Amino acid sequence: MLLTCILHRYVCSLLAISINKDTRFINLLKNLDLGVLFWVISVVSIIAVLLRLLYRKLILQGSVYPKQLHDQTLEVVINETHRNLIEIKSLIDNKTTKLEDTINQLHNELRKQLQFKESLLFLFKVFEEASEAICVTDSDGKLTEINKAFLKLFGYSIDELNAAGGLFTQFVTSEVGQEIHNLILNGYSWKGEVEMHVRHSNLIQIQLYAEAIENQTNQIIGIVFIVTDVTKHKQIEGKNSGLRLWN
């Protein structure tokens, strides 16, 4: 109310100055219904207060709701990221487990192969250093391996014997060699005494053992021969037999 009166008088003073200080006009302004002016100003003030409150409300809503929305969005992103991390960890764990299993399998396989290789090396050493003459041929009688004793006894290398037609050509009679070969190819072993050709002398008497080599499907892929020279033993037996007969 006080503000309204002060404003009213200030306006009157300004008007009086602008209208050549016409006192009648000033009195007229002073006699205006101050109540109407008060209510107009009051309504404007109330409207201003309401607008201010509405503005503050909008500002608060603008600052709170986006924050809540931001917090909710951030929580969703965090939860989704956490789920993705769990899935990735599970996938990595599965891959790691499979990789460890594969590594263990490879390690076991490598260990078995090393053991097998060591066994082969041991067998080859035994084969190479054996006192008996030993040779290995394919199913056709072509030599693939011979040991030191075989080379010393026969005097032929693998290439030389194969160039001559194979081991079975060294039998005194081809019929004997063919008979032994057929028996072996039919799945039988052979053991007996035969005569064979060697380089350093015409004939030697040997005790021969022959056995087929089969693969995992029971197919014959080779033959192993163990040869023992019994020539001297037979000569001694012949002399002893002749002495007994002469007595």
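Trainee: Which residues does Phe225 touch, not counting residues up to four places away in sequence?

Mentor: Contact here means heavy atoms within 4.5 Å. Once residues up to four places away in sequence are set aside, Phe225 touches Ala133, Ile134, Cys135, Thr137, Leu167, Phe168, Leu208, Tyr209 and Ala210. Keep in mind that this is a predicted model: local features need pLDDT of at least 70, side-chain atom pairs count only at pLDDT 80 or more, and totals for chains, interfaces and linings use all residues. Residues are numbered from 1 along each chain as its sequence is written, and side-chain values use heavy atoms, with hydrogens and water left out.

Trainee: Which residues have the most contacts inside the largest nonpolar core?

Mentor: A core is a set of buried Ala, Val, Leu, Ile, Met, Phe, Trp, Tyr and Cys residues joined through side-chain atoms within 4.5 Å. The largest one has 27 residues, and Phe150, Phe154, Leu208 and Phe225 have the most contacts inside it. At least two residues of this core come from each of S1 (133-138), S2 (143-146), H4 (148-154), H6 (174-185), S3 (190-197), S4 (203-214) and S5 (220-229). Strand S4 gives the most, with five residues.

Trainee: How do the elements of the protein run from the N terminus on?

Mentor: Helices (H or I, at least four residues) and strands (E, at least two) are DSSP runs, numbered from the N terminus. The order is α-α-α-β-β-α-α-α-β-β-β-α, which gives seven helices and five strands.

Trainee: Does His181 count as buried or exposed?

Mentor: Buried means under 20% relative accessible area, exposed over 50%, and partly exposed in between (1.4 Å probe, protein chains only). His181 counts as buried because its relative accessibility is 11%. You'll find His181 in helix H6, touching Ser139, Asp140, Gly141, Phe168 and Ile223 beyond its neighbours up to four places away in sequence. Across the protein, 21% of the 247 residues count as buried.

Trainee: What does the side chain of Asp229 make a polar contact with?

Mentor: A polar contact is a pair of N or O atoms within 3.5 Å; within protein, one must be able to donate a hydrogen and the other to accept it, and residues adjacent in sequence count only if both atoms are side-chain atoms. For Asp229, the partner is the side chain of Thr231, at 2.7 Å. Asp229 sits in strand S5 and is partly exposed, since its relative accessible area is 38%. Leaving aside neighbours within four places in sequence, Asp229 is in contact with Leu153, Ile204, Gln205 and Ile206.

Trainee: How many salt bridges does the structure hold?

Mentor: Look for a side-chain nitrogen of Lys or Arg within 4 Å of a carboxyl oxygen of Asp or Glu. The structure holds four. One of them joins Lys125 to Glu129, with the closest N and O atoms 4.0 Å apart; both residues lie in helix H3, four residues apart, about one turn of the helix. Glu129 also forms a salt bridge with Lys148, at 3.0 Å between the closest N and O atoms. That pair links distant parts of the chain, Glu129 in H3 and Lys148 in H4, 19 residues apart.
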